[in-house]
Amino acid sequence: VQLQASGGGLVQAGGSLRLSCAATGSIYSIGDMGWYRQAPGKQRELVARITSGGGTNYADSVKGRFAISRENTKNTVHLQMNSLGPEDTAVYYCNARIQMSVLFNTRDYWGQGTQVTVSS
């Protein structure tokens, strides 16, 4: 199983970016999916998560600006980021709780990270 993230880049303050992350490989089921970020010198933090049923939760710092969604048929999660500010600059990692088959336990998988840089 692999998670492949895309969509990062450089954007000016006030701009928007859309991140996507696709899970590929031997997958029986996917539970929660989410996005985390890690800025230089800081710990990795939760940005947003979405359940398999579509329930969401967000970090207070991104509420009203970011929106997480998923396409279950494509094993993909998206993060629409609007009104970006320099404080959003970080490496963004996607995460998914995946069960490879009925013979395996569910475990967490992480994408490789995608850089988001917001210039002031």
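Biologist: In which strand does Thr76 have its place?
Modeller: First, a word on the source: this is a predicted model, in which local features need pLDDT of at least 70 and side-chain atom pairs count only at pLDDT 80 or more, while totals for chains, interfaces and linings use all residues. Residues are numbered from 1 along each chain as its sequence is written, and side-chain values use heavy atoms, with hydrogens and water left out. Strands (E, at least two residues) are DSSP runs numbered from the N terminus. Thr76 belongs to residues 76–81, which form strand 8.

Biologist: Is Thr76 buried or exposed?
Modeller: Buried means under 20% relative accessible area, exposed over 50%, and partly exposed in between (1.4 Å probe, protein chains only). Contact means heavy atoms within 4.5 Å, and Thr76 touches Cys21, Ala22, Met33, Ser69, Arg70 and Glu71, not counting residues up to four places away in sequence. Because its relative accessible area is 9%, Thr76 is buried.

Biologist: Which residue's backbone oxygen does the side chain of Thr76 reach?
Modeller: Here we look at polar contacts: pairs of N or O atoms within 3.5 Å, where within protein one must be able to donate a hydrogen and the other to accept it, and residues adjacent in sequence count only if both atoms are side-chain atoms. The side chain of Thr76 comes to 2.8 Å from the backbone oxygen of Lys74.

Biologist: With which residue does Lys74 form a salt bridge?
Modeller: A salt bridge is a side-chain nitrogen of Lys or Arg within 4 Å of a carboxyl oxygen of Asp or Glu. Lys74 is exposed at 54% relative accessibility. Its closest N and O atoms in the pair are 3.7 Å apart, and the partner is Glu71.

Biologist: How many residues apart are Arg49 and Asp32?
Modeller: These two form a salt bridge, with the closest N and O atoms 3.9 Å apart. Arg49 counts as buried at 11% relative accessibility, whereas Asp32 is partly exposed at 28%. The pair links distant parts of the chain, Arg49 being in strand 5 and Asp32 in strand 4, and the separation is 17 residues.

Biologist: How many bridges pair strand 4 with strand 5?
Modeller: Two strands pair if DSSP finds at least two bridges between them. Trp35 stands opposite Ala48 in strand 5. In this hairpin, with 6 residues between the strands, Gly41 has a positive phi near 80°. Strand 4 (residues 29–38) and strand 5 (residues 45–50) run antiparallel, and the number of bridges is 5.

Biologist: Which residue takes a positive phi in the hairpin of strand 5 and strand 6?
Modeller: These strands are antiparallel and joined by 3 bridges. Ile50 stands opposite Thr56 in strand 6. There are 5 residues between the strands, and the residue with a positive phi near 100° is Gly54.

Biologist: With which side chain does that of Arg65 make a polar contact of 2.8 Å?
Modeller: Arg65 sits in the loop between strand 6 (56–58) and strand 7 (66–71), and it counts as buried at 17% relative accessibility. A network of salt bridges links Arg65 with Arg37, Glu45 and Asp88. The side chain that joins Arg65 at 2.8 Å is that of Asp88.

Biologist: How many salt bridges does a search of the whole structure find?
Modeller: One of them is between the side chains of Asp108 and Arg97, at 3.1 Å from N to O. Asp108 lies in strand 10 and Arg97 in strand 9, so this pair ties together parts 11 residues apart in sequence. Over the whole structure, the search gives 7.

Definitions and conventions: Helices (H or I, at least four residues) and strands (E, at least two) are DSSP runs, numbered from the N terminus.
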